[in-house]
Amino acid sequence: MVSTIVKAEAKQSSEVAGLVTKLLQALVGHKRNIDPEVMAVTAKKLLSQDNGFHAFLYYADGAPVGVITLSRSAAIYAGGNYGVIEELYVEPEFRSQFIGKALLDEVISFAKEEGWPRLEVSTPERENWQRTIDFYLREGFLENSVGERLKLEL
């Protein structure tokens, strides 16, 4: 398998939106309707602006099979700017092949280049998504006092 990770541009917004749509359908699809067209428009808008939103795509043999999105945030407690992982999704048939780790490593490198002292990620409910939480913990993220958000000091 030939694989590559690219920082997404607006021209790849439909690929980013397609994978994020699948993530949201898995997470909250039973609670609300998710419109892929609206997702594509939003992805294109975010990727076209210099607003601190970034996406990275993982391609396997030329097909997008994973995505991670990241936003720049800022807080006094964090010492200024830091990154928030907004979405991470890998196609089910490609899971357990270190694609999520590769995407996370790419974001960690990017965050360090930006000079951010930390990354944070909100976690889904533990009872249904323990495997996701375990992934982040295994990669060095730490739980905070309320357990809804994990952090990684860089």
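View 1. At 56% relative accessibility, D61 counts as exposed, where exposed means over 50% relative accessible area, buried under 20% and partly exposed in between, with a 1.4 Å probe and protein chains only. D61 lies in the loop between strand 2 and strand 3, and has a positive phi of about 50° although it is not a glycine. Helices (H or I, at least four residues) and strands (E, at least two) are DSSP runs, numbered from the N terminus. F98, likewise not a glycine, has a positive phi of about 70°; F98 belongs to the loop between strand 4 and helix 3 and is exposed, with a relative accessible area of 65%. This is a predicted model, in which local features need pLDDT of at least 70 and side-chain atom pairs count only at pLDDT 80 or more, while totals for chains, interfaces and linings use all residues. Residues are numbered from 1 along each chain as its sequence is written, and side-chain values use heavy atoms, with hydrogens and water left out.

View 2. Strands of a sheet pair through backbone hydrogen bonds, either parallel or antiparallel.

View 3. Strand 4 and strand 5 run parallel and are joined by 3 bridges, with G83 partnered by L119 of strand 5 and V84 partnered by E120 of strand 5. Strand 5 and strand 7 pair in the antiparallel sense over 5 bridges, and here the bridge partner of L119 in strand 7 is L152. Strand 5 is mostly covered, since 4 of its 5 residues are buried. Together with helix 3, strand 4 and strand 5 make a right-handed β-α-β unit; right-handed means that, with the strands pointing away from the viewer, the path from the first strand over the helix to the second runs clockwise.

**View 4. The largest nonpolar core and the surroundings of I85.** The largest nonpolar core has 26 residues, and those with the most contacts inside it are I68, I85, L103, L119, Y136 and F141; such a core is a set of buried Ala, Val, Leu, Ile, Met, Phe, Trp, Tyr and Cys residues joined through side-chain atoms within 4.5 Å. At least two residues of this core come from each of several elements, including strand 3 (63-75), strand 4 (80-90) and helix 4 (126-138), and the largest share, 7 residues, comes from helix 3. I85 touches I68, L104, V107, Y136 and F141, among others, when residues up to four places away in sequence are not counted; contact here means heavy atoms within 4.5 Å.

**View 5. The side chain of T69 in strand 3.** T69 lies in strand 3 and is buried, with a relative accessible area of 0%. Its side chain makes a polar contact with the side chain of E87 (2.4 Å), a polar contact being a pair of N or O atoms within 3.5 Å, of which, within protein, one must be able to donate a hydrogen and the other to accept it, and residues adjacent in sequence count only if both atoms are side-chain atoms. Among the residues that T69 touches, leaving aside those up to four places away in sequence, are V16, V20, F53, I85 and E87.

**View 6. Aromatic pairs.** Rings of Phe, Tyr and Trp (its six-membered ring) pair if their centres lie within 6.5 Å, and planes under 30 degrees apart count as stacked, over 60 as edge-to-face and the rest as tilted. By this rule the count comes to 5 aromatic pairs. Y77 and Y82 form a tilted pair, 6.0 Å centre to centre and with 50° between the planes; Y77 is exposed, with a relative accessible area of 54%, whereas Y82 counts as buried at 4% relative accessibility. The pair of Y136 and F141 is edge-to-face, at 5.3 Å centre to centre and 75° between the planes, and Y136 is buried at 4%, as F141 is at 1%. Ring pairs also link F56, F110 and W116 into a cluster.

Methods:
Pairing = 2+ DSSP bridges.
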